[in-house]
Amino acid sequence: MPLYQINKKLLPIKIHFFLVMAGTAPILPFLSTISKQRGYSPVIVGLIFTILPLPGLLVRPVIGAITDKYKCRKTAFVLNTVLRSLLINILIFIPGSVVRAELNDTDVIKSPIFWLFVCTVTLYKVDSMTGTVLEDTICIDILGENKTEYGNQRMWGSIGWGIMSIVSGVCVDWYSKGLDHKNYTPGFIISLICSILDIYVVSSMPYVQNREVKAGSNDIKRVLTNIRVQSFLLFVLAFGTLLPFIWYYLFWYMEDISNIYHPETKPYIKTIQGFSLTIQCLGGEVPFFFLSNFILKRIGHTNVFSLMFFAYAVRFYLYSIITNPVWVLPVELLNGITYALAYAAAISYAAELAPVGAEGTLQGIVGTTMEEIGAPIGSSIGGYLFNHFGSITSYTFVSGFALAVCITQIIVQRLINRFSKNDSIKGERSGSSYFTVDPHISVNDNLI
């Protein structure tokens, strides 16, 4: 008998994670350099990435609450995937605007093409955020009591992201050979193909919500007013403020050090950037998503967050002293701690805290705190720092901030453990399971 048995009924969620992240990789990480190529200043780029998550402040928790109440999570999931395909088509055909010099901010803001670009990528980002709530909640539901096994499913998304990052980077460099600028059309086409395939996968997923169990507002209030949960959400917010410095500003920084120190790397900088994402995912995220169940059971969710903030401090400090974009590549192995392990801890902890029948609602709150509140704060700070101090010095500042948050989080958790009552956060509710799947699914046996 093999050591691990792949549960065929869990294959759709694995394949979905692979396809959705493979389709996102050629677009989201390159938005900052696409914007820079259009002549947008760091202030404008910071504005774009501040705007991107804001609609999610409303959309993500509302979608979570609606799908909890009306039991329409799978339908919403399919529609979400279809909308993503339509938005990619729009992005492909938005008129390009490649300039050699930085444009005046006022002229940019007055441009209709700028606002078409901003509105489309904002809708794309909101669609991605909504999809995250739906896919994470569905995955957690299917796993049942094995919530810490979430990382073993989510790692397939990292595999998809890692593979398509380098593929799209190479394709963009090849397609742009001989041009003064990069043509991102191959990346958009790859993304569209993955999205179309994903429509079939999510529509055939064997998942049905149980319509008998509902959570009351008092159940949610009891969770959200607990000091441990409030502390958890506060540091999820801090986690979110650090993410844009990887998601949106890392490639900008890599192009800066390429231009300043090693201009010979400019013809293949997209390949280097794509390879950095591959290392982030395959070298960092996949191992730590796979090991997340083992690690979380042994050191706990709050200690994982302390480790994450310390790893961010180290990672950002290394960026501040590197002068060759190639040397960024080994640093990206830390993404396993700074993203995969921390994200798995946040999702599984939220799932453990959620009252039965309100899983989507609490996942929406956690996601909103991280990406719709924390990320815009980080994006606006990043835009200001990059504009006034440059990318290299900015990472020195953010490294110090991450270290300060790490120390603060450790102190706060010790105080809570010492003075807070060791009461039960999540009240138990009798009744049938909140979800139903094919009865042949055995979620307890070697889930990989």
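**A contact and the enclosed spaces**

Author: The side chains of aspartate 127 and arginine 84 make a polar contact at 3.2 Å. A polar contact is a pair of N or O atoms within 3.5 Å; within protein, one atom must be able to donate a hydrogen and the other to accept it, and residues adjacent in sequence count only if both atoms belong to side chains. The model is predicted, so local features need pLDDT of at least 70 and side-chain atom pairs count only at pLDDT 80 or more, while totals for chains, interfaces and linings use all residues. Residues are numbered from 1 along each chain as its sequence is written, and side-chain values use heavy atoms, with hydrogens and water left out.

Aspartate 127 belongs to helix α7; helices here are DSSP runs of H or I with at least four residues, numbered from the N terminus. Aspartate 127 counts as buried because its relative accessible area is 3%. Buried means under 20% relative accessible area, exposed means over 50%, and partly exposed lies in between, with a 1.4 Å probe and protein chains only.

A search of the whole structure finds 4 cavities of 30 Å³ or more. A cavity is a set of points, on a 1 Å grid over the protein atoms alone, where a 1.4 Å probe fits but cannot get out, and its lining residues have an atom within 4 Å of a point. Grid points are joined across faces, edges and corners, and a volume is the space filled by probe spheres set on the points.

The largest cavity has a volume of about 520 Å³. Its lining comprises 30 residues, of which Met21, Leu28, Trp161, Trp247 and Tyr339 are the closest to its centre. Helices α1 (11–24), α7 (112–143), α8 (150–175), α12 (244–247), α14 (269–299) and α17 (335–353) each supply at least two residues of this lining, and α7 gives the most, with 7 residues. By class, the lining of the largest cavity has 16 nonpolar, 7 polar and 7 charged residues. Ala, Val, Leu, Ile, Met, Phe, Trp, Tyr, Cys and Pro count as nonpolar, Asp, Glu, Lys and Arg as charged, and the others, Gly among them, as polar.

The second largest cavity holds about 50 Å³ of space. Among the residues that line this second cavity are Arg60, Asp136, Tyr343, Gly367 and Glu371. Helices α7, α17 and α18 (359–389) each supply at least two residues of its lining; here α18 gives the most, with 4 residues. By class, the lining of the second largest cavity has 4 nonpolar, 3 polar and 3 charged residues.

Cysteine 139 is buried because its relative accessibility is 2%, whereas cysteine 171, at a relative accessible area of 26%, is partly exposed. The structure holds 0 disulfides, a disulfide being a pair of cysteine sulfur atoms within 2.5 Å. Lysine 71 sits in the loop between α4 (56–70) and α5 (73–93). With a relative accessible area of 9%, lysine 71 is buried, and its phi is positive, at about 55 degrees, although it is not a glycine.

Technical notes: 1 Å grid on protein atoms, 1.4 Å probe; cavity = no way out; pocket = protein on both sides within 12 Å on 5 of 7 lines; lining within 4 Å.
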